[in-house]
Amino acid sequence: MTEQSQLFSAAAQTSPAQAAIKTKALRDQLQRWAHQYYVLDEPTVPDAEYDRVFRELQALEAEHPDLITSDSPTQRVIGAVMEGLTPVRHAVPMLSIHTETDTEATGAQAFDARVRRELGLSDADPAIEYVAEPKFDGLAMNLRYEKGRLVQAATRGDGEVGEDVTHNIRTIRQIPLTLPDGVPPLLEVRGEVYMRRADFDALNERQREQGGKTFVNPRNAAAGAVRQLDSNITLQRPLSFFAYGLGAITPAAEGGLVFRTHFELLQTLKSWGFPVAAQVQIATGATELVAYHQQVGASRDALPYDIDGVVYKVNSLQLQRDLGFKTREPRWAVAHKYPAQEMATKVEGIDVQVGRTGKITPVARLAPVFVGGVTVTNATLHNLFEIRKKGVRVGDTVIVRRAGDVIPEVVGVMPGNRVGYVPNFHMPKTCPVCGSDVVRVKGEANHRCTGGLFCAAQRKEAILHFAARRAMDIEGLGDKLVDQLVESNVIRTLPDLYRLGLSSLVALERMAEKSAQNVLSALEKSKQTTLARFLFGLGIRQVGESTAKDLAKHFGTLDALMGATQDTAATVEQLLEVPDVGPIVAQSVHTFFQQPHNREVVEQLRACGVTWSESARADKAPQVLAGKTIVLTGTLPTLSRDEAKDMLEAAGAKVSGSVSKKTSYVVAGEEAGSKLAKAEELGVPVLDEAGMLALLSGPGA
């Protein structure tokens with residue numbers, strides 16, 4: 001019986017009274033965990049435990065549907081496609097804030113002087129207390145709660161009428177669906193829906209890989225996600241939320257709350273479970289406003305989300321009422337901007353750069369433009385498909401975006417500025433660094449250089465991968481040492497590693513004679529390896545550790561594998577015979593060994609003494625553990641985990657990371673944990689190291 005079946009069976013045997021108590025406990029637990037994870041950024045349980053409790057709640061609600069409530073964690077995503085967005089008239093208009101475009105200190109000083117003047121204060125009167133907070137670059141949102149439950153979420157719209165987007169806002173886990181006891185019967189919380197930069201970058205990368213639309217900036221992506229008719233689409237575009245104020249609220253005479261200051265209001269919202277920006281602080285007078293603007297501006301690039309300025313608000317709510325409004329803007333608040341993160345400029349040329357993994361990236365050479373506080377002359381165009389989709393050509397006027405420390409990018413072309421015919425950009429056929437062929441694997445968006453072992457742009461990455469623990473396992477050959485070896489031109493290709501001498505290593509910074517000798521010993525030891533490790537260490541694209549083992553097992557010798565790559569048609573056919581090797585992997589292996597540079601590096605490595613035991617194809621010979629699934633846990637007395645795994649896989653076993661009813665054996669050492677307990681619970685046979693070795697040598701396993 002599956003876990004899900006067990007859960008539903010248990011739910012069916014639960015009485016209605018017990019189910020009501022259990023569902024409430026599960027909901028409360030899930031909501032606490034979600035608050036710790038999404039609001040406090042302090043997760044207290046692993047994802048698997050959250051998922052387990054979530055599934056238990058789902059099973060109970062399915063068996064007792066009368067217990068389902070709209071605020072249950074299981075109901076966050078309704079999943080139905082809406083017919084359209086319904087207009088919502090705001091009970092209290094969502095007014096905009098005046099923007100101070102002077103990005104220097106005078107912007108804050110001018111606001112403070114204006115407030116003091118309108119309040120009739122003289123220079124002798126005390127300084128005014130303000131609340132300063134980031135100006136988020138997202139989408140304003142009004143959340144309406146009735147009797148502590150979220151009943152509606154609406155966009156700002158025109159300030160008077162917005163759009164009902166409740167079905168999508170429920171997908172944002174930072175927004176509570178229910179509020180604690182003691183909140184006013186009617187409460188409207190206002191804030192900003194935004195998308196974190198990391199989520200935005202991941203979304204755009206996913207869109208590029210799938211050939212879909214990419215988004216200009218996080219605000220654009222957030223706005224598009226909020227207005228989706230299908231909340232399942234919104235769920236795939238992770239959104240976040242910050243609260244910064246109130247709309248309608250039950251009057252104090254009818255059970256509402258009275259706040260004295262804006263800061264007190266924000267702290268109360270935080271206590272009710274709403275995320276409030278950590279940068280919110282009290283600032284007294286113009287001097288502290290200027291300092292805040294400079295302080296946040298200096299850390300702007302390090303923030304995980306976009307801001308385009310800061311907001312100053314008079315802290316005293318009574319003074320806010322005294323100041324009132326001018327037209328449709330409050331006199332008691334202002335937005336103080338930072339330099340724009342998107343600007344227009346001209347494309348003067350398009351070049352390409354070769355990345356450390358061989359990716360060929362087209363780069364626009366721009367007429368210098370000041371964006372996000374720096375002068376930008378280059379911007380990424382990502383790949384050829386993006387260039388075609390955006391229609392970028394040399395001479396075009398384009399919009400350039402720079403946010404945080406992200407590489408500037410061209411996000412679109414301004415129409416109507418192209419003069420005459422300009423040919424399309426085409427990717428080079430050979431790498432500008434090493435001359436190897438440039439290819440694009442079918443189904444991928446990126447072009448890549450095929451000279452991985454030879455190309456100078458990929459040198460560091462190739463060496464580090466070659467030396468990795470699961471590849472050639474060259475201890476002591478880490479990032480800093482490789483950086484020095486490459487930058488000083490001591491190492492140009494992989495075989496140069498095995499030509500290193502003591503004097504060349506000792507000459508490097510922070511490299512004593514003993515450390516140098518340890519590296520040389522590790523290099524000598526690594527010469528005795530396996531064909532699978534060697535193939536994995538070569539860094540062939542699409543060839544991971546498992547595929548390298550399959551290739552080694554299938555062909556038996558390196559010569560057999562390399563010989564099979566000399567004829568294209570035959571290569572593909574032979575490689576497709578290897579278990580779990582499909583057309584993309586087959587083409588990648590063929591392309592790698594077709595490059596003269598790569599074949600030369602392989603031959604030089606062998607000439608340097610890198611060797612392994614080779615045998616004829618062994619896939620027809622019976623293996624003692626073929627068809628068995630084995631899990632390793634704990635510390636074995638004489639074998640490392642990797643050594644044990646290699647021995648088991650060489651005997652035909654599949655080594656898994658988790659225990660299930662399909663597990664044949666669990667090999668347990670000292671300090672074995674939950675996997676051992678799971679094996680005993682399921683009745684899976686448990687072996688020690690000696691038992692494993694006996695299994696490997698004995699017949700009929």
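In this predicted model, strand S13 (residues 333-337) has 4 of its 5 residues buried, so the strand is largely enclosed by the rest of the structure.

S13 belongs to an open sheet of 5 strands, laid out in the order S2-S13-S10-S3-S9, with mixed pairing. At the edges stand S2 and strand S9 (281-284), each with a single partner strand, so one side of each is left without a neighbour in the sheet. Helix H9 (residues 262-271) packs on this sheet and touches S3, S9 and S10. The direction of H9 makes about 50° with that of S3.

What about the partners of S13 itself? Strand S2 (residues 99-100) is joined to S13 by 2 bridges, and these two strands run parallel. Here Thr-99 sits opposite Ala-335 of S13. Strand S10 (residues 307-314) is joined to S13 by 5 bridges, and this pair runs antiparallel.

Next come the helices around H4. Helix H4 lies across S2, strand S3 (129-136), S10 and S13, and runs at about 170° to S13. H4 (residues 106-118) also meets another helix, H10 (residues 285-299): their axes come within 8 Å and cross at roughly 150°. Angles over 145 degrees count as roughly antiparallel, and H4 and H10 are therefore roughly antiparallel to each other. Their crossing is right-handed. On the H4 side, the contact involves Ala-108, Gln-109, Phe-111 and Asp-112, which meet Gly-285, Ala-286, Leu-289 and Val-290 of H10. Sorted by class, this contact has 5 nonpolar, 2 polar and 1 charged residues.

Zooming out, the chain has 701 residues, of which 47% count as buried. Its secondary structure comes to 25 helices and 26 strands. The C-alpha trace spans about 90 × 75 × 55 Å along its principal axes.

Conventions:
Residues are numbered from 1 along each chain as its sequence is written. This is a predicted model: local features need pLDDT of at least 70, side-chain atom pairs count only at pLDDT 80 or more; totals for chains, interfaces and linings use all residues. Side-chain values use heavy atoms; hydrogens and water are left out. Axes are lines fitted to C-alpha atoms, for helices over the stretch in contact, and angles run from 0 to 180 degrees between N-to-C directions. Angles under 35 degrees count as roughly parallel, over 145 as roughly antiparallel, 65 to 115 as roughly perpendicular and the rest as oblique. A crossing is left-handed if the near helix is turned anticlockwise from the far one by less than a right angle, and right-handed if clockwise. Contact means heavy atoms within 4.5 Å. Ala, Val, Leu, Ile, Met, Phe, Trp, Tyr, Cys and Pro count as nonpolar, Asp, Glu, Lys and Arg as charged, and the others, Gly among them, as polar. Buried means under 20% relative accessible area, exposed over 50%, partly exposed in between (1.4 Å probe, protein chains only). Two strands pair if DSSP finds at least two bridges between them.
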